[in-house]
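Welcome! Let us take a friendly walk through a protein structure, one topic at a time.

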Amino acid sequence: MPEGDGVPRETPSPSVVPESPVEVPVEAVARVFGDRADRAATYRELLATAGVERGLIGPREVPRLWDRHLLNCAYLGEVIDQGSSVIDLGSGAGLPGIPLALARPDLQIRLVEPLERRYTFLREAITELGLRDQVAVARGRAEDVRGEFSALVVTARAVAPLKTLYGWALPLVVTGGHLVAIKGRSASDEIAAAGETLRQMGVTAAPEVLSVGPDDGTGTTVVRVARGHGPLRAATAPAPPGAAKRRPGKGNRR
């Protein structure tokens, strides 16, 4: 399956974008985006032009924008309830938030992105696509918007391993909501590595690994984590390798 993680967030702007044939999966685009398929095509062009020129999308990704990016992200809607509020954390060039908005007009989505040039691109794209009534943008990191914004669903793609992402994303999820992260073949390994972090935060539900989209190998692997209804605790960061251990109540000896 295409992997959501491992996709470069930005690439130095090339002088020439390689010309490659672009196959448009017409049936899939019509099925997923419906009467917004033309807007999805406009967004794809924005990524292929301004997105590449500004270093937000690698030029080698251009021939794969439909399958690997737009559709791959839009399939997320299969595991999000009707009318949900959504925060797309570390949105980058708008993935997965903008394809999700185009495919699901019932969702209210806030894109959160700390870097100014990505933030500027997102604002321009939302205006160009006519999504200002559905999609908003906030500039900042997760900790910057914590306490100001929250949502029933927080999405993320190529942001961080789950061990780190839990601490950033789950405090933005309202009780009873979910973190929904696009992952690839590493999903099960990441879940295992992050188990202690989740336990320390007081989240008791086991993460789910879900497959959304077609069953022909072009779908998307998703990790969904239920926030639960109890209070969240801060996870304890591991001590740096080689850090000296001190006995409680004992001062340093010279």
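## Words and ground rules

A contact means that heavy atoms lie within 4.5 Å. Helices (H or I, at least four residues) and strands (E, at least two) are DSSP runs, numbered from the N terminus. Buried means under 20% relative accessible area, exposed means over 50%, and partly exposed is in between (1.4 Å probe, protein chains only).

What you see is a predicted model, in which local features need pLDDT of at least 70 and side-chain atom pairs count only at pLDDT 80 or more, while totals for chains, interfaces and linings use all residues. Residues are numbered from 1 along each chain as its sequence is written, and side-chain values use heavy atoms, with hydrogens and water left out.

## The whole chain

The protein chain has nine helices and seven strands. Of its 254 residues, 48% are buried. Take the contacts between residues at least 6 apart in sequence: 73% of them join residues at least 24 apart.

## A helix on the inside

Look now for helix 3, residues 65-74. Nine of its 10 residues are buried, so helix 3 is largely enclosed by the rest of the structure. Among the buried ones are Leu 65, Trp 66, Arg 68, His 69 and Cys 73.

What covers these buried residues of helix 3? The cover includes helix 1 (26-33), helix 2 (37-53) and helix 4 (97-103), together with strand 4 (151-157), strand 5 (173-183) and strand 7 (220-226).

## Helix 2 against helix 3

Two packed helices are described by the angle between their axes and the distance between the axes. The axes are lines fitted to C-alpha atoms, for helices over the stretch in contact, and angles run from 0 to 180 degrees between N-to-C directions. Helix 2 and helix 3 pack at about 120 degrees, and their axes are 11 Å apart. That angle makes helix 2 oblique to helix 3; angles under 35 degrees count as roughly parallel, over 145 as roughly antiparallel, 65 to 115 as roughly perpendicular, and the rest as oblique.

Which residues meet here? From helix 2 come Ala 40, Ala 41, Tyr 43, Arg 44, Leu 47 and Ala 48, and from helix 3 come Leu 65, Trp 66 and Leu 70. The residues of this contact divide into eight nonpolar, no polar and one charged. Here Ala, Val, Leu, Ile, Met, Phe, Trp, Tyr, Cys and Pro count as nonpolar, Asp, Glu, Lys and Arg as charged, and the others, Gly among them, as polar.

## Paired charges

Side chains of opposite charge can pair when their charged atoms come close. A salt bridge is a side-chain nitrogen of Lys or Arg within 4 Å of a carboxyl oxygen of Asp or Glu, and the whole structure has 11 of them. In one of these, Arg 64 meets Glu 61 at 2.5 Å, N to O. Arg 64 counts as partly exposed at 39% relative accessibility, whereas Glu 61 counts as buried at 9%.

Glu 113 pairs with Arg 118 in a salt bridge, with the closest N and O atoms 3.3 Å apart, and both residues are buried. In another salt bridge, Arg 141 and Glu 143 have their closest N and O atoms 3.7 Å apart. Salt bridges that share partners also join Glu 61, Arg 64 and Arg 68 into one network.

## Two details of the backbone

Between Leu 95 and Pro 96 the peptide bond is cis, with omega near 10 degrees. Pro 96 sits in the loop between strand 1 (85-89) and helix 4.

Ala 158 has a phi near 55 degrees, a positive value in a residue other than glycine. You will find Ala 158 in the loop between strand 4 and helix 7 (162-169), and it is buried, with a relative accessible area of 19%.
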